[in-house]
Amino acid sequence: MEINLGTNFCGLSFPNPFVVSHLPPTGDLEIIKQYFTAGWGAVVLQPTSLNGETGPKTAGASRQRMLYYRGVDCEEKRMTDLGWIEVLQPVALEVTERMIGELKDRFSDRRVIAGMVGSNRDEWLKVSRRLSQAGADLIECDFSRGPQDLAVAEDLKQMERAARYVREGARNTPVMIKLPGSLKDRAAIVETLKDAGADSLTVYYEPKGIPGINLTNFVPFPNVGQKSTLCVMGGAATKPYTLGMLSEWGRIGQGLPLCVQGGAYNWRDSVEFILMGASLLQFHGAVLQRGIGLIDELKSGVNDYLAEKMISSVDKLVGKSLPFLTEPEQLPRSVRVVAAVDDKLCTRCGNCFRVCSGLGYQAISLNNQRKPAIDKKKCVGDGLCVAACPVVGCMSLRRISK
Ligand code: SF4
Ligand code: SF4
């Protein structure tokens with residue numbers, strides 16, 4: 001079966017759904033060329049504005065201000081997720097226009113997504129118009145960067161006005177609106193943005209946190225000259241939250257295509273995000289940690305998965321898991337499962353007994369050979385013993401009639 005990794009987003013074809021989000025290196029034309037040459041389907045350029053930074057050193061200057069860290073404890077080499085403290089400064093519009101021109105000349109089959117920020121009518125209109133004229137495939141207007149952008153995102157009237165100006169300036173170029181996925185009142189936001197002419201949404205979940213504390217000198221991480229601060233946390237740890245957030249936007253999306261940023265680290269995460277409604281996936285921390293070559297694993301992993309499932313294209317997966325979600329009170333109560341043990345595989349380690357006893361269910365007993373037996377009347381089917389069993393396939397949950 002021929003597999004098509006290509007996807008259609010806002011009426012545009014993408015060679016694959018994998019997008020490099022705006023990283024410090026996406027301010028550097030030569031590095032973006034490397035991303036495209038390696039096989040990434042699209043790149044989001046660093047946000048631009050009328051008063052952005054100019055000059056060939058822009059990307060480098062911004063890079064220094066965006067303080068990344070990647071381990072809670074460098075001494076012990078314990079690695080956690082990527083975090084950062086400051087956002088990049090917007091890039092000058094003329095710099096972005098030049099980059100778009102050169103990239104579209106050389107990589108006509110890839111998609112260049114131009115990020116933008118604005119703070120007033122003039123800026124939203126002018127920046128989107130010039131990005132459209134420069135040849136951007138999509139314009140991503142970012143309402144998630146600083147307190148000023150968030151104030152707009154949290155005020156429906158302001159957001160509608162801003163989205164209308166961007167839409168008007170962008171003419172025929174599709175417009176994505178980027179929002180923190182944690183915003184409340186999602187249904188009203190989607191309706192407002194659709195009315196304002198937005199073509200798609202980019203959502204992300206990046207909570208602030210302190211990743212740990214050095215127990216020797218008491219300084220919380222990251223240690224910046226013996227000082228620390230709350231950081232934006234990204235990376236693999238955010239995947240469950242991103243999936244949850246995506247499910248909520250996906251369910252009320254009213255046909256607005258969704259792009260998601262953050263939380264995906266490998267091909268499997270990618271498939272899960274697509275199943276939950278995302279048509280495009282922006283990679284940020286994963287690229288910084290795993291490098292440009294990550295795209296090979298993403299493409300081959302998703303390709304093999306589709307082939308195994310006999311599904312011919314990525315587009316056919318979008319949102320497939322959404323219909324399975326419901327409210328807690330609507331979960332079926334007639335279904336009952338209990339734990340079961342495969343005696344041939346059991347090593348008599350006793351983990352299942354310890355877990356179930358510790359929880360207070362007392363549904364597992366061990367005989368004098370330490371062979372576990374399940375009391376079906378006491379078992380509530382939470383599956384924690386299955387997770388605790390070290391032997392793959394030894395424990396399972398089986399459905400029984402009530
Ligand atoms: S599923 Fe839960 S209640 Fe049942 S045996 Fe396992 S741990 Fe105990
Ligand atoms: S945890 Fe698994 S292997 Fe260990 S006693 Fe229980 S069933 Fe057997």
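1. A term to start with: two strands pair if DSSP finds at least two bridges between them. In this predicted model, strand β9 (residues 138-142) meets that condition with β10, since four bridges join the two, and they run parallel. One place to look is Ile-139, whose bridge partner in β10 is Val-175.

2. On its other pairing, β10 is joined to strand β11 (residues 200-204) by five bridges, and these two strands also run parallel. Here Pro-180 has Tyr-204 of β11 as its bridge partner. To get from β10 to β11 the chain passes through helix α7 (residues 186-196), making a right-handed β-α-β crossover.

3. Why is β10 largely enclosed by the rest of the structure? Strand β10 covers residues 175-180, and five of these six residues are buried, so the strand has the rest of the structure around it for the most part. When you look at a strand like this, keep in mind that in a regular strand the side chains alternate between the two faces of the sheet.

4. For the overall picture, the protein chain has 13 helices and 19 strands. Its C-alpha atoms fill a box of roughly 80 × 50 × 45 Å along the principal axes. Of its 402 residues, 41% are buried. Taking contacts between residues at least 6 apart in sequence, 71% join residues at least 24 apart.

5. Now to ligand 1, which is surrounded by 15 residues; the closest are Ala-339, Cys-356, Tyr-361, Cys-379 and Cys-385. Two elements, α12 (351-359) and α13 (384-388), each give two or more residues to this shell. The largest share, three residues, comes from α12. By class, the shell holds 12 nonpolar, two polar and one charged residues.

6. Ligand 2 has 13 residues around it, and those that come nearest are Cys-346, Cys-349, Asn-351, Cys-352 and Cys-389. This shell is made up of nine nonpolar, three polar and one charged residues.

7. Which of its residues are buried? They are Cys-352, Phe-353 and Cys-356. These residues lie on the same side of α12, because they cover an arc of only 100° around the axis. As background, an α-helix has 3.6 residues a turn, so residues three or four places apart point the same way. The cover over the buried residues of α12 includes β17 (364-366), β18 (372-374), α13 and β19 (395-400).

8. Just after α12, Gly-360 takes a positive phi of about 90°.

9. Finally, a loop residue: is Val-314 buried or exposed? Val-314 sits in the loop between α11 (294-309) and β16 (336-341). It counts as buried because it has 23 C-beta neighbours inside 10 Å, and the cut-off for a buried residue is 20 or more. Leaving aside neighbours within four places in sequence, Val-314 is in contact with Asn-4, Leu-5, Thr-7, Pro-17, Ile-274 and Val-302. Pro-17 is 297 residues away from Val-314 along the chain, yet their C-alpha atoms are separated by 8.1 Å.

Note on methods
Residues are numbered from 1 along each chain as its sequence is written. Chains are lettered from A and ligands numbered from 1 in the order in which they are written. This is a predicted model: local features need pLDDT of at least 70, side-chain atom pairs count only at pLDDT 80 or more; totals for chains, interfaces and linings use all residues. A residue is near a molecule or strand if its C-beta atom, placed from the backbone, lies within 6 Å of it. Ala, Val, Leu, Ile, Met, Phe, Trp, Tyr, Cys and Pro count as nonpolar, Asp, Glu, Lys and Arg as charged, and the others, Gly among them, as polar. A residue is buried if 20 or more other C-beta atoms lie within 10 Å of its own, exposed if 12 or fewer, and partly exposed in between; C-beta atoms are placed from the backbone. A crossover is right-handed if, with the strands pointing away from the viewer, the path from the first strand over the helix to the second runs clockwise. The arc is that of the directions from the helix axis to the C-beta atoms. Two residues are in contact if their C-beta atoms, placed from the backbone, lie within 7 Å.
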